[in-house]
Amino acid sequence: MQKRTLSFWEIWNMSFGFLGIQLGFALQNANASRILQIFGADVHELSWFWLVAPITGLIVQPIIGYYSDRT
């Protein structure tokens, strides 16, 4: 069975959807800031916590996509 080639707009729509998912994770992290402060996180370092989910998604999702295409 031959794989179907995705058009630019299909890839764009998938990427835009993944961006929405990552922004949702970032919002969860932003709302967790108060909890992190309770546990001792410095208020000036909280932006690093907010960036973890989107950056992780940028790294992990292409890897998972690559290997899932080979299953």
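**Salt bridge and aromatic pairs**

Glu10 and Arg4 are joined by a salt bridge, with 3.0 Å between the closest N and O atoms; the term covers a side-chain nitrogen of Lys or Arg within 4 Å of a carboxyl oxygen of Asp or Glu. The structure holds one salt bridge. This is a predicted model, in which local features need pLDDT of at least 70 and side-chain atom pairs count only at pLDDT 80 or more, while totals for chains, interfaces and linings use all residues. Residues are numbered from 1 along each chain as its sequence is written, and side-chain values use heavy atoms, with hydrogens and water left out.

Accessibility of the salt-bridge residues

- Arg4 is exposed, at 60% relative accessibility (buried is under 20% relative accessible area, exposed over 50%, partly exposed in between; 1.4 Å probe, protein chains only).
- Glu10 is partly exposed, with a relative accessible area of 30%.

Aromatic pairs

- Five aromatic pairs are found in a search of the whole structure (rings of Phe, Tyr and Trp, the last by its six-membered ring, pair if their centres lie within 6.5 Å; planes under 30 degrees apart count as stacked, over 60 as edge-to-face and the rest as tilted).
- One of them is the edge-to-face pair of Phe8 and Trp9, at 4.9 Å centre to centre and 80 degrees between the planes.
- Trp9 also pairs edge-to-face with Trp12, with ring centres 6.4 Å apart and planes at 80 degrees.
- Phe8, Trp9, Trp12 and Phe16 are linked into a cluster by ring pairs.

Accessibility of the ring residues

- Phe8 is exposed at 54% relative accessibility, and Trp9 is exposed at 56%.
- Trp12 is partly exposed, with a relative accessible area of 43%.
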